Amino acid sequence: MISLHVFRHVLLVAAVVAGGRALGAEMAVKVPPPVPGFPIGRCVLVLNITSPEEAKTAGFDYLELNLPDLLPLSDEEFGKVVKRLHGIGIPLVSAYGFMPADLKLVGPGVDQGKVDAQLRRGLDRAKQIGVGMVVHGNLIAGARSAPEGFSKAEARKQFVDFCRRAAREGEARGITILIQPMGPSATNMINTVAEGLALVEEVNSPRLKLLVDFTTMIEAKEDFAILHKAARHIGQIEIQNPKGRIYPVSRDESDYVGFFRALKVGGYRGGFSVHGKPGEFWVNAPKALSLLRGLAMEELVGPPATAAAVKPVR
């Protein structure tokens with residue numbers, strides 16, 4: 001018997017997607033075609049919301065899914081969500097929040113058995129959805145924070161050990177773990193791309209890479225030059241206008257060009273997930289797609305660049 005929330009969702013999908021097509025057609029800017037090797041995705045919630053369907057209608061190339069809401073679901077309810085997602089007809093590339101946010105990974109008294117059980121559960125659900133990458137960062141970065149009074153060096157050793165175990169479990173399922181550097185308000189461990197790169201190089205597994213968030217680099221005033229070394233270890237980018245973490249729509253909002261050029265020097269090839277508040281979605285989504293595809297075509301396609309071509313840090 002269909003549950004009430006699934007029934008409501010079906011009605012919402014029919015209404016919102018149909019309305020979105022009409023509104024999108026009316027207000028869309030001219031959007032360039034996808035750029036091979038550099039797809040543009042949308043980060044989306046899934047439950048009781050039509051964001052995944054809207055992303056498909058708007059022309060995004062893939063989805064990056066929110067997992068925390070899906071982890072507690074029963075197998076039956078989760079199966080229904082997976083069926084819905086597979087029916088949309090858009091690639092499901094990655095997912096963030098694959099571990100419980102309140103399950104500590106470092107500090108005194110870490111329950112490694114529970115951690116490993118939740119790690120396997122999160123990766124099993126990611127595999128069932130069909131994503132190839134999961135992100136440790138947004139929503140769950142606090143789990144890797146060293147508690148006050150606890151040795152940060154010891155906490156880092158614990159997190160390195162977790163990353164090694166996660167990479168092994170990911171390998172068994174064909175899933176790559178992405179570590180996302182986050183600002184100090186979210187965690188006190190792995191705050192910069194440089195720190196994330198050191199971690200990935202220490203673990204030294206093809207199943208452990210980085211997710212780099214544009215705004216985090218801007219807020220940390222981290223030099224884009226680090227991307228020259230880090231780019232080959234990056235599995236995915238998240239991008240937004242750092243002024244309010246909203247959809248990016250114009251080149252003059254921030255130094256997107258310098259960021260893209262630094263990625264090209266490093267040889268990055270992969271996706272850009274738009275992760276921000278959309279505002280008027282049917283107005284701003286086409287603008288974001290146009291901006292990012294234009295930047296990808298102009299700054300990333302073509303022969304390798306040199307460091308001399310990179311715009312200096314702001």
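This is a predicted model: local features need pLDDT of at least 70, side-chain atom pairs count only at pLDDT 80 or more; totals for chains, interfaces and linings use all residues.

Visitor: Why is helix α2 called largely enclosed?

Guide: Count its buried residues. Buried means under 20% relative accessible area. Six of the eight residues of α2 (residues 51-58) are buried, so the rest of the structure largely encloses this helix. Those buried are Ser 51, Pro 52, Glu 53, Glu 54, Ala 55 and Ala 58.

Visitor: What comes just after α2?

Guide: Gly 59, with a positive phi of about 105°.

Visitor: Why is His 228 called partly exposed?

Guide: Its relative accessible area is 23%. Under 20% would be buried and over 50% exposed, so a value in between is partly exposed. His 228 therefore gets that label.

Visitor: Where does His 228 sit, and in which helix?

Guide: In helix α8, which spans residues 226-230. Its C-alpha is 6.5 Å from that of Leu 263, a residue 35 positions away along the chain.

Visitor: How much space lies in the second largest pocket?

Guide: About 220 Å³. It is lined by 15 residues, and the closest to its centre are Met 182, Gly 183, Thr 216, Glu 219 and Arg 245.

Visitor: Which helix gives the most to that lining?

Guide: Helix α7 (residues 214-220), with three residues.

Visitor: What makes up the lining by residue type?

Guide: Seven residues are polar, four are charged and four are nonpolar. Gly counts as polar here.

Methods:
Residues are numbered from 1 along each chain as its sequence is written. Side-chain values use heavy atoms; hydrogens and water are left out. Helices (H or I, at least four residues) and strands (E, at least two) are DSSP runs, numbered from the N terminus. Buried means under 20% relative accessible area, exposed over 50%, partly exposed in between (1.4 Å probe, protein chains only). On a 1 Å grid over the protein atoms alone, a cavity is a set of points where a 1.4 Å probe fits but cannot get out, and a pocket is an open set with protein on both sides within 12 Å along at least five of seven lines; lining residues have an atom within 4 Å of a point. Grid points are joined across faces, edges and corners, and a volume is the space filled by probe spheres set on the points.
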